[in-house]
Amino acid sequence: MASMWQGIPTLPSGSDMVHAAYYEVVHWWVDLVGITPFTLRLPSVIAAGVGTMAMAGVGRRLVGRRGQLAYAAAYGLLPRTLLMAIEARPYAMSSMFAALALLLVVVYRRRPSWLRWVGLVLAIAAAMLVHLYAALPMAGLVAAAWFFTKGRRRWMLAAGIVSAALVAPFGVATSRQLGQIGWLASEKYSLIETALVQSWAASRTPPVPEISDRVPDAIAAAMAVVAAILLIAVVVESRGRHLRRLAFALVPVATGVGILWIASLVWTNVLQGRYLTPVAPFFAMALAELAIHAQRRWIRGLVILLMVGSLTLFGFQQRTYAKASTTDYNLMSRVMRQSARAGDGFLIDPIQDWVFSYRGAVSVDPGAFAALIDLAQPTKPPLDFAWAHDPPELNLAAQEWLPPRIWLASWNTKPATYGPQLAELGYHSVYAQSGVPDGHTVTLWEK
């Protein structure tokens, strides 16, 4: 952890310092509660809950009880919020701090105090520290607060930009990592869809999509169309009056999404749906305002359609998912929990890769392997790297003893390492379960 904060290169492409704040939180969290898929994801769930409470506070102060419910529901049911809440990633925390910053802007405008101003500065800084791209919607928030506030308070809110000075050294230190997102340039996806749909109506399509995976994509696109019709209908119906709060919300949306979209067009692709998570509170505020101002029945029906769409996407988000098909960690841990016996051994074909070692399956769910014998790595290695890495290849014939049942995780697209050795020693495969074609296969060998 110290080397990560100091920017000491621990990876071939440099330090992973950009995520150091989130890693620090998780480091101490799992030291307290242990590591399971549940505990790794729980901080994101808590962050989504706190963000929902913050948005409820915003709605209560701006609109009243009706706004309290609308703002909380819009944020809590937003597909982007729901998706980030179930992943062990920093984005839900960044969105939470953005929601708290919005709440503190509203509170400060009504009753300013130095304590609230300091809280606002810290909330903005925390959002950026957890995820640097949060600087874009936070700049929009400060700009909107300045424009929609009068008198001395407007300048104090604008002074909230001092938070950028607090995070600036961290941003400069992590700028070396820009090269690590170079792979995005080779990804084939629509920038327009990412900016207008996946930024808030996240469908969570796997890296190797099947035909069924196009269903949530279609639902998300339909939600974007419904939201556009809702926006036009409300603006026309209200004749553009009493929409100050909607205009306020759209400023951070424009800076948070628009600047990354423009940068991807004129520079290099830096646009991913998850990078836009800090904009979620402002998407939610805009949707809540549209719901509040919807008067006619058919317009309210559009709001109901958006709610149904959000819940439907939430169901699709629960499917097994991996960022890359080679990190299908759930496959091995699931097989171990369902079929392995205490005292069984297990092996993982090594590849000596700095990030894609399948030993990540053991790292994120150690409980699934607690009763088994790690033949290649019998003692727990030190936490000296950002990812699990492979131990040296084991010569099975030189071992004094091997258990009669050995589970082997092997790559579907790489030469086998331990399978031929087990066959030479008289083991034969009796069970196998595979994941995606370019993922892994878990095989039980018995003697």
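Buried means under 20% relative accessible area. Keep that cut-off in mind. This is a predicted model.

Salt bridges first. The whole structure holds 9 of them. Start with E87 and R89. Their side chains meet in a salt bridge, 3.0 Å from N to O. Buried or exposed, what is E87? E87 has a relative accessible area of 8%, so E87 is buried. R89 comes out at 17%, so R89 is buried too.

Next pair: R337 and D365. The N to O distance in this salt bridge is 2.6 Å. The two residues sit in distant parts of the chain, 28 residues apart. R337 is in helix α16, residues 329–339. D365 is in the loop between α17 and β2. Now look at the accessibility of each partner. R337 counts as exposed, because its relative accessibility is 51% and exposed means over 50%. D365 is at 4% and counts as buried.

R405 is buried, with a relative accessible area of 10%. E446 has 24%, so E446 is partly exposed. Back to the opening pair for a moment, since there is a network to report.

Which helices each supply at least two residues of the patch? Those are α11, at 191–198, and α13, at 244–266. Helix α13 gives the most, with 4 residues. W261 is found in α13. W261 has a relative accessible area of 31%, so W261 is partly exposed.

Rolling a probe the size of a water molecule over the atoms shows where empty space is left. How many cavities of 30 Å³ or more are there? The count is 1. The largest cavity has a volume of about 30 Å³. Its lining is I348, P350, R359, A376, D390, P391, P392 and Y418. By class, that lining has 6 nonpolar, no polar and 2 charged residues.

Technical notes:
Residues numbered from 1 in each chain as written. Predicted model: local features only at pLDDT ≥ 70, side-chain atom pairs only at ≥ 80, totals over all residues. Heavy atoms only, no water. 1 Å grid on protein atoms, 1.4 Å probe; cavity = no way out; pocket = protein on both sides within 12 Å on 5 of 7 lines; lining within 4 Å. Points joined across faces, edges and corners; volume = space filled by probe spheres on them. Nonpolar A, V, L, I, M, F, W, Y, C, P; charged D, E, K, R; others polar. Buried < 20%, exposed > 50% of the residue type's maximum accessible area, 1.4 Å probe, protein only. Salt bridge = Lys/Arg side-chain N within 4 Å of Asp/Glu carboxyl O.
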